[in-house]
Amino acid sequence: MPPSPARKLSLRAWLFVGFAGLSTLPLLALSIGLAELNWRGRAEVARARLVGDAQAVVLAVDTDLDHLQKSLRSLAAALEQAEQADPATVNRLLARYHSHYPDFLTMLVADREGRISGSDPERGADGAPMVGRSIADREYYRRPMATGETFVSDVFQGRGFGSDLIIALSVPWPSAGGEVAGIVQGSLDLTRYGSILEPHVGPHGTEVFILDRTGRVVAARSGTPVKSMDLLVGNWSPTSPGEVVVRSFGGEDYLVASSRVEVSGWSVLARRPMALVARERRLSYRLAAGAIVLALVLASVVAWAASERAARPLLASERRYRDLVEQSFGLVCTHDLDGTILSVNPEGARAFGLPPEAVVGRNLGDIVHPETRAALADYLHRIREGGSAEGLMRVVTATGEERILMYRNRLVESEGLPPHVIGSAIDVTDRRRREERLADLALRDPLTGVANRALFQDRLHQALERARRYGHRVALVYLDLDNLKQINDRRGHTAGDAVLRQVAGRLEAQVRRVDTVARLGGDEFVVVLPEVGRQENAQQLTQAIRGIFEAPFEVEGSPLRATGSLGLALFPDDAENAETLLAAADERMYAAKRRSGGRWRLRAG
């Protein structure tokens, strides 16, 4: 018997429901899976971005603070070598160093009682002189004086000079006897660190802060609400490197990653609101629901659309990260555990003087300086065993130029990918050369530019060692200006300083390149003449030195006569070591002052 119309309708309804279910359930599972894949990909990208932001800012701040502290230590070394520590000399050194490091708002030197003995600028924000003021109650004075170590202060209220909130960097200043003579301090405007944050902060609600040891905000990216900054104070503790956790600030949950600035003890905090993360997850599932509805109309179109939308955020994230790496101001590259370069950003390729495609596939051993290739194996060993490495690397560009890179690299072991190393570096060649020039200043007389007592003693000992080894003679000429006091009394110390500088210039022009001209202090100069051969050669060189007083000196447009007394001593004829050689030349110089014409005593004027 044929089925009734009602039964046919019921059967068709059940078939429709069955076929609809069979066609929809796989699409439903596929849509939910794509939505979850989309969410997990976005979440992983967000977590990696938080960690990368924190570590990138730490590298920039660590490098900056370390560079500034080295400049203060170099200034302290120059003060230790200075002949005099009067305010004029101290201010001259401060002005010279401040011109090399204009990032400091102020630079000052304080003695062991906490009184300021020199500063640049020389007057405070109130217009009164800085010299004589006391900073004995300041932590940036007490801490380095007590510990003998460098110190980075917490944030405090400044005293004008263009900034309200500042930090202080202080290093102890040793005296010639090895005791702590005081501190050298530089004040730094905190607004500079707001600009450091900008390149490391992306869209979609990411916030990055730099905090001092007390939890107070040192800097935040532009546009961060003050309310958000206030919530950070005393309400968090740093996470482990590379760790992302959920923390509560002011009743709101955040994804948080942090890293520590080693030089100062500060921390960098990167966070993203969980409410924003939740909205992104709801958006993912709404996309899945839309895909299910569209699947009922056209399953193939829905599947294509769902896969397209699932892949789009991942591709966009990858594109943003590629842009971030390629636009970075530093070198960013990856390499395998054997040192073969896998990828490099354009800035890194420019550092090697090659296009990116010519760098990829090369080994680090082909790029590093030949003298440091032995250290490459040690670097790769530290990466494999410890998971990270940092330091300096000397490389040679395609044009043969030697550059110095400061790097910080770490091992990455991602699921499904072979282990590889991601590295970031900055070119510090110019900074290292500038530091070497400043170190040379510490061995030069600040008034005349010739060698000071420390460099003179080192050159004299070297000359004597070579003379003992090869049987040479070394001549030492001791020169003293006869009438510098009269010049200072009649024409002023400015005129006397001008004469001293001209005497130093004439001496250097008269001697050989192997000779050393030094100022021992006041109006006393010495000249080390290595490898002079016979005694007659020494006399000829001394006569040439004596001739620097024949022409008058030009001071403020008018000629000025000056005379000098010279004493000559020879090694090994007159002395067996540096001390007795200097004493013999000194004695003959004073004999020349009393009378002229002695064989080893010469008098000019």
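The model is predicted, so local features are given only at pLDDT of at least 70 and side-chain atom pairs only at pLDDT 80 or more, while totals for chains, interfaces and linings use all residues. Residues are numbered from 1 along each chain as its sequence is written, and side-chain values use heavy atoms, with hydrogens and water left out.

**Overall make-up**

The protein has 16 helices and 23 strands; these are DSSP runs, helices being H or I of at least four residues and strands E of at least two, numbered from the N terminus. Of its 605 residues, 45% are buried, where buried means under 20% relative accessible area, exposed over 50% and partly exposed in between (1.4 Å probe, protein chains only). The accessible surface comes to about 30,600 Å², and carbon and sulfur atoms hold 53% of that area; the areas come from the Shrake-Rupley method with a 1.4 Å probe. Among contacts (heavy atoms within 4.5 Å) with a separation of 6 or more, 56% join residues 24 or more positions apart.

Leu211 belongs to strand β7, which covers residues 207-211. Its relative accessibility is 0%, so Leu211 counts as buried. Between Leu211 and Gly265, 54 residues apart in sequence, the C-alpha to C-alpha distance is 9.2 Å.

**The largest cavity**

The whole structure holds 3 cavities of 30 Å³ or more. A cavity is a set of points, on a 1 Å grid over the protein atoms alone, where a 1.4 Å probe fits but cannot get out; lining residues have an atom within 4 Å of a point. The largest cavity contains about 160 Å³ of space, a volume being the space filled by probe spheres set on the grid points, which are joined across faces, edges and corners.

Its lining consists of 15 residues, and those nearest the centre are Leu331, Cys333, Leu364, Met393 and Asn409. Strands β12 (331-335), β14 (388-396), β15 (402-412) and β16 (420-427) each contribute at least two lining residues. By type, the lining has 11 nonpolar residues, 4 polar and no charged. Here Ala, Val, Leu, Ile, Met, Phe, Trp, Tyr, Cys and Pro count as nonpolar, Asp, Glu, Lys and Arg as charged, and the others, Gly among them, as polar.

**Aromatic pairs**

The structure contains 2 aromatic pairs. Rings of Phe, Tyr and Trp (its six-membered ring) pair if their centres lie within 6.5 Å; planes under 30 degrees apart are stacked, over 60 edge-to-face and the rest tilted.

| Pair | Centre distance | Plane angle | Type |
|---|---|---|---|
| Tyr379 and Tyr407 | 5.5 Å | 85° | edge-to-face |
| Phe549 and Phe553 | 6.3 Å | 70° | edge-to-face |

Tyr379 lies in helix α10 (residues 373-386) and Tyr407 in strand β15, so this pair ties together parts 28 residues apart in sequence. Both Tyr379 and Tyr407 are buried, and Phe549 and Phe553 are buried as well.

**Backbone features**

Most residues other than glycine have a negative phi, and most peptide bonds are trans. The bond from Asp120 to Pro121 is cis, with omega near 5°, and Pro121 sits in the loop between β2 (116-120) and α3 (139-147). The bond from Phe571 to Pro572 is cis, with omega near 5°; Pro572 is in the loop between β22 (564-571) and α16 (578-594).

Glu531, not a glycine, has a positive phi of about 55°. Glu531 lies in the loop between β19 (524-530) and α15 (535-546) and, at 40% relative accessibility, counts as partly exposed. Glu556 has a positive phi near 55°, lies in the loop between β20 (553-555) and β21 (558-560), and counts as exposed at 67% relative accessibility.

Conventions. On a 1 Å grid over the protein atoms alone, a cavity is a set of points where a 1.4 Å probe fits but cannot get out, and a pocket is an open set with protein on both sides within 12 Å along at least five of seven lines; lining residues have an atom within 4 Å of a point.
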